[in-house]
Amino acid sequence: MSQSIDRRTFLNQSLQTALAVGAGTAITQVTEATPHPASAIEGEWKVRKSVLWGMLPGNLSMEDRFKLAKDVGFGGVEIDPVHEEAKAMEFRRASEKVGIPVQSIIYGGWHAPLSDPDPKVQEAGIEDVKRALQCAKWVGADNILLVPAIVTSKVRYQEAYTRSQANIRKLIPTAEKHNVLILVEEVWNKFLLSPIEFAHYIDEFKHPLVQAYFDVGNVVTYAYPEDWIRTLGKRIRKVHLKDFKRGNYQFVNLREGDVDWKAVRQAFMEVGFQSFMNTELGGGDEAYLRDVSQRVDKIIAGV
């Protein structure tokens, strides 16, 4: 099972946990992103659509999966880390031939958390993140997605905060070497439970290569995505698109849940977001993928 599938399974199993902010870390005031003038947010919103590699039919060749992604309207793909250079270069050649980039590596971090109390697990996590950064360099992606920490019955929030920051700082030289962003994502890991804390966590690194990957659907159960977007502002470098239904307590297809997509669109436009928005949904055939692509078009168009 791929790491991204494990990630989605974990999300679906974690909704029963009550969420409450209690970091134990002093949170300084975070200045919200200054909205652009009205004239700057009128008209077309220039963002690019990307699709999770695992959403594409696995029975197709690598090149045909890229072709399908492009044919149904996506402008990029996001893949799991590839540790062999030959395989990574196969991805790169296929993407360049078809003309659709591998724009992101969805590393994750569940299997060897940087917040784990065992130094050996932390070290294993650090080495795996380094390999993901190398993979990004090989395939031409400009970022990896990192789940920075996991709070558990044996890992206190404060410990998760300080350990993960210390270990991410150890990774910055590798990120600099490859010129690849480390993008921290908010997810159901009982960590970074408010946009103010998330912004503060990023700002403490004081480094341009450590920024935010924002998942629209992950905060719907306890917050409003548009609020998070305005607080995180230009820290957001990539986006995951998911929708969530509070009543049924489950993820649903885009534009079928409780996300106020017009408000989300407005917030993204105000903070000047213009990068890739990546669909993170279940997989399907060409008709399904084309429908997902068209749903994203409607989100972007504000209809």
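Let's start where two helices meet: Pro195, Ile196, Phe198 and Ala199 in helix 6 touch Asp227, Trp228, Thr231 and Leu232 in helix 7. Keep in mind as you look that this is a predicted model. Helix 6 covers residues 195-203 and helix 7 covers residues 225-232, and their axes come within 9 Å while crossing at roughly 30°. Angles under 35 degrees count as roughly parallel, and helix 6 and helix 7 are therefore roughly parallel to each other. The crossing of these two helices is right-handed.

Now zoom out for a moment. The protein chain holds nine helices and 10 strands. Of its 303 residues, 55% are buried. If you take the contacts between residues at least 6 apart in sequence, 81% of them join residues at least 24 apart.

At its start, a side-chain oxygen of Asp118 reaches to within 2.9 Å of the backbone nitrogen of Lys120. Just after the helix, Gly140 takes a positive phi of about 95°.

Which residues of helix 4 are buried? They are Gln122, Gly125, Ile126, Asp128, Val129, Ala132, Leu133, Cys135, Ala136, Trp138 and Val139. For reading such a list, recall that an α-helix has 3.6 residues a turn, so residues three or four places apart point the same way. The buried residues of helix 4 pack against several elements: strand 2 (77-79), helix 3 (85-98), strand 3 (102-108), strand 4 (143-146), helix 5 (157-178) and strand 5 (181-185).

Of these partners, helix 5 deserves a look of its own. Helix 4 and helix 5 pack at an angle of about 30°, with their axes 10 Å apart, and they are therefore roughly parallel to each other. Their crossing is right-handed. On the helix 4 side, the meeting residues are Gln122, Ile126, Val129, Lys130, Leu133, Gln134 and Lys137, while helix 5 contributes Arg163, Asn167, Lys170, Leu171, Thr174, Ala175 and His178.

Finally, let's visit strand 1, which covers residues 48-52 and includes Lys49. Is Lys49 buried or exposed? Its relative accessible area is 10%, so Lys49 is buried, given that buried means under 20%. Its side chain makes a polar contact of 2.5 Å with the side chain of Ser293. Beyond residues up to four places away in sequence, Lys49 touches Gly73, Phe74, Gly75, Gly76, Phe276, Met277, Ser293, Val296, Asp297 and Ile300. For one of these, Gly76, the separation from Lys49 is 27 residues in sequence and 6.5 Å in space, C-alpha to C-alpha.

Ser50 is also found in strand 1, and it counts as buried because its relative accessibility is 0%. A polar atom of the Ser50 side chain lies 3.0 Å from the backbone oxygen of Gly76. The backbone nitrogen of Val77 lies 3.3 Å from a polar atom of that Ser50 side chain. Setting aside neighbours within four places in sequence, the contacts of Ser50 are Phe74, Gly76, Val77, Glu78, Gln103, Phe276, Met277, Asn278 and Thr279.

Definitions and conventions:
Residues numbered from 1 in each chain as written. Predicted model: local features only at pLDDT ≥ 70, side-chain atom pairs only at ≥ 80, totals over all residues. Heavy atoms only, no water. Buried < 20%, exposed > 50% of the residue type's maximum accessible area, 1.4 Å probe, protein only. Helix = DSSP H or I, 4+ residues; strand = E, 2+ residues; numbered from the N terminus. Contact = heavy atoms within 4.5 Å. Polar contact = N/O pair within 3.5 Å; in protein donor to acceptor, adjacent residues only side chain to side chain. Axes fitted to C-alpha atoms, helices over the stretch in contact; angles between N-to-C directions. Parallel < 35°, antiparallel > 145°, perpendicular 65-115°, else oblique. Left-handed = near helix turned anticlockwise from the far one by under 90°.
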